[in-house]
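Please read the points with the structure open alongside.

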Amino acid sequence: MFVPRKLNRVLPIRTLRHLFRKFNEKEQDIPKQGLFDNPLLKSLEGFAELNKEVRLECSNIVNHIISGSSNQTTVKLFDDLSNAICKAADLVECVRQLHSDQSYVEAAQKSASDFCELVESLNTSVTLYHKLKESKEREVERLDDVDKRTIDLFLNEFKQSGVHLPEEKEEELLKLVCYRDELARLTGYPSYAHRAQENSLLGSYEGAHNFLWGVNDRTKENFRACRPSAERELAVLMDIQSQCNSFINGIGEWDLHYLSQIYKERAYGGFHHRQMNKFLTLGNLINGLTNLVNQLYGVRISQQKIKQGEIWPGSIIKLGVFSSEDDFLGTIYLDVGRRSTKTFGDCHFTVRCSKQLSNDCWQTPVVVLSLSIGEENGENWKDFQVHLHRAENVFHEMGHAMHSMLGRTKYQHIAGTRCPQDFSEIPSILMEYFFNDLTVLRTILRDANGECIPVEDAACMIASRFAFSSLEIMQQASYALFDLELHAPDAARLLREGKITTTNLFHSIVTKALPHVDRQHDSAFQHRFHHLVQYGAKYYSYLIARSAASLIWNSKFRDSPFNRTEGERWMKVQSHGGGLPPTILLESMLGYSPTSAHFIEALKKETSHLANLVLNLMNPFDPRVRARNAAKAEMFALRHPESVNQLSEYRDQRFQGTLKEQDLALRTSTTLYVGNLSFYTSEDQLYELFNRAGEVKRVIMGLDRFKKSPCGFCFIIYYTRADTENAVRFLNRTMLDGRMIRVDYDAGFVEGRQYGRGKHGGQVRDEYREQYDPDRGGFGKIWQDR
């Protein structure tokens with residue numbers, strides 16, 4: 001379908017002070033303008049006139065396409081047709097969602113319905129489809145690469161509407177339009193999940209499936225790559241739960257938010273947040289954004305005067321965007337007032353896209369950001385207090401807006417955010433990275449005297465923002481997998497046959513993602529998960545975009561966030577909109593074409609870093625935490641006096657020497673024995689954990705002596721005895737990969753000890769185990785032989 005059915009481009013969530021001047025927006029001597037300078041929209045009756053005008057313009061363009069009477073290329077005419085509808089329909093949708101006058105909302109609703117009818121009639125026109133398809137060969141000499149890609153995008157959207165099907169199936173297709181799976185099969189896809197991946201970064205259902213579920217190699221599996229960090233955060237929540245005098249074993253999904261809030265209150269308290277109030281104002285955020293884009297892109301943003309009637313009444317800010325050569329790039333409106341009639345959540349509307357016009361001039365974009373920040377009709381918007389999460393949302397939505405402003409494409413159909421969803425989210429998420437950077441944050445947040453926020457408060461704010469984000473990412477990954485698999489071939493068939501329910505499917509996926517979190521098997525969160533409707537089989541796009549933004553941030557901006565060279569390179573990438581495949585755009589920025597493995601590794605590193613933000617505040621080497629641990633150790637010694645003089649629970653039975661010699665070796669050795677590991681725990685995970693106690697010299701993985709694969713133990717060698725003692729004191733009985741590991745002193749590693757001593761090659765304990773242990777090979781080997 002060459003005109004998007006979703007007419008509005010709503011994308012959820014997620015210091016040049018002298019440039020801002022106060023304007024009187026209520027001057028009565030200024031002639032009344034139509035909404036967004038459209039002269040038809042000076043009154044309610046103008047919406048009907050707008051529909052008539054657009055229909056007439058579309059009729060003329062369609063006649064030119066069918067008759068071939070124009071000297072323009074067919075794809076150019078198609079984009080003109082799409083532009084005529086979208087710049088009117090998107091405007092109407094924005095008014096319908098945000099206007100403060102209910103009568104305008106109702107008029108916009110009627111107008112939007114008429115546009116939907118027009119769109120559907122054009123999307124199902126067989127004549128238009130064949131004219132476009134034939135033009136690819138008939139006009140081949142006049143087409144460049146952008147023309148050809150745009151034609152392919154138009155044709156693909158036509159096909160997804162089923163317009164290319166034989167006539168006898170057209171009636172059947174119309175009846176089944178509400179049933180995604182059947183629609184996908186009718187249009188040539190194995191499932192709706194396959195259909196939804198067209199033009200995405202991963203390129204196919206299999207690519208998305210492998211990203212979320214992962215392949216057999218544990219080190220490249222998304223869930224398991226992120227799970228260790230999530231489980232470390234989960235262990236912190238369990239500690240919090242134990243301090244709440246809870247006698248309940250385990251932790252439920254209903255406890256996660258409650259316990260994390262208790263942790264944040266104890267770790268950060270209210271002092272830092274109170275201190276930040278004078279810094280987190282809307283004026284500071286806008287000034288900071290202005291300064292950031294100026295340094296990165298050379299782009300200038302200045303406040304503009306709003307003409308009477310140009311937009312609905314309220315707390316509206318109008319920003320003009322100009323290039324380094326002072327060329328006008330576009331307009332951004334910020335509707336920052338709180339009112340019940342606004343659409344829920346922060347979002348952005350593209351009212352008009354960029355496009356190269358026939359006279360070689362540019363159609364400039366218009367974007368509206370809906371941000372519920374201050375009181376309606378508040379005059380001193382610069383002083384509006386902004387909550388931390390909403391402040392990040394301001395940067396996120398401005399990332400979308402700047403993507404539209406920087407777009408310079410031949411066709412509006414591929415302008416700005418009109419590109420695959422996983423790529424369209426990258427600029428906005430990258431802006432979140434800028435906001436949460438300590439250097440950027442201290443540049444943005446200044447008080448009335450120009451003093452920047454203290455580094456301790458800024459660091460505390462960032463840490464509090466990301467506390468337990470690894471768990472949140474794991475939950476998001478499980479929801480994304482449910483969304484994908486719900487639209488896959490097997491689930492659709494089983495649901496039709498009544499063999500499973502969506503609740504069964506949701507429960508099985510979430511419990512595999514977070515096996516150590518209790519949940520009710522019949523709870524049905526998916527019934528309230530509205531993204532299933534809006535993003536069917538593509539909710540994972542946010543994770544891909546986050547991974548891509550992480551790759552860009554860490555390689556290009558982390559060490560130099562105001563780097564102009566990299567900023568201009570990123571500006572050029574955004575200028576293409578959807579005119580080039582997203583893989584090519586990312587390659588031009590990163591210097592390589594990222595694969596699923598790159599995205600998984602980026603997500604793994606990020607979750608590990610975020611988990612460390614939590615654990616650093618629970619650091620065992622912090623004096624307060626050390627005192628608590630010492631008290632726990634003292635209580636344990638009083639209850640278990642027999643263990644006080646026990647140097648190590650583990651002793652190598654094949655030690656070559658006397659018991660006294662072994663005791664001496666245990667008291668001076670820098671080697672540890674670590675047991676009860678999962679067979680899937682990696683060497684990297686062990687390095688990461690044990691380096692917290694001191695610098696690790698070497699990790700020797702315990703191996704099955706026949707298969708040469710990990711079998712559940714290892715040796716850790718430190719450089720100093722002090723680090724070795726710290727590891728035993730603070731890491732013994734730590735949760736790793738969902739298991740409580742055992743850390744003991746060892747008399748010293750010698751070659752050959754890394755191999756299991758059991759009959760079947762593994763550890764002896766795994767020979768006779770009667771209980772099923774999925775992380776250590778299932779049942780014991782003796783029981784398996786039976």
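1. Helices (H or I, at least four residues) and strands (E, at least two) are DSSP runs numbered from the N terminus, and two strands count as paired if DSSP finds at least two bridges between them.

2. The model is predicted: local features need pLDDT of at least 70, side-chain atom pairs count only at pLDDT 80 or more, and totals for chains, interfaces and linings use all residues. Residues are numbered from 1 along each chain as its sequence is written, and side-chain values use heavy atoms, with hydrogens and water left out.

3. Strands β2 and β3 (residues 316–322) run antiparallel and are joined by four bridges. Within this pairing, Ser302 has Gly320 of β3 as its bridge partner. Contact here means heavy atoms within 4.5 Å; axes are lines fitted to C-alpha atoms, for helices over the stretch in contact, and angles run from 0 to 180 degrees between N-to-C directions.

4. Another open sheet has four strands in the order β11-β12-β10-β15, with antiparallel pairing. Its edge strands are β11 (696–703) and β15 (742–746); each has a single partner strand, so one side of each lacks a neighbour in the sheet. Neighbouring strands are turned by 25 degrees against each other on average, direction ignored.

5. Six bridges pair β11 with β12 (residues 710–718) in the antiparallel sense, and Val696 has Tyr718 of β12 as its bridge partner. Helix α29 (residues 683–690) packs on this sheet, touching β10 (671–675), β11, β12 and β15, with its direction at about 140 degrees to that of β11. Helix α30 (residues 721–731) also packs on the sheet, touching β10, β12 and β15, and its direction makes about 150 degrees with that of β15.

6. Overall, the protein comprises 32 helices and 15 strands. Of its 786 residues, 55% count as buried, meaning under 20% relative accessible area (1.4 Å probe, protein chains only).

Conventions
Buried < 20%, exposed > 50% of the residue type's maximum accessible area, 1.4 Å probe, protein only.
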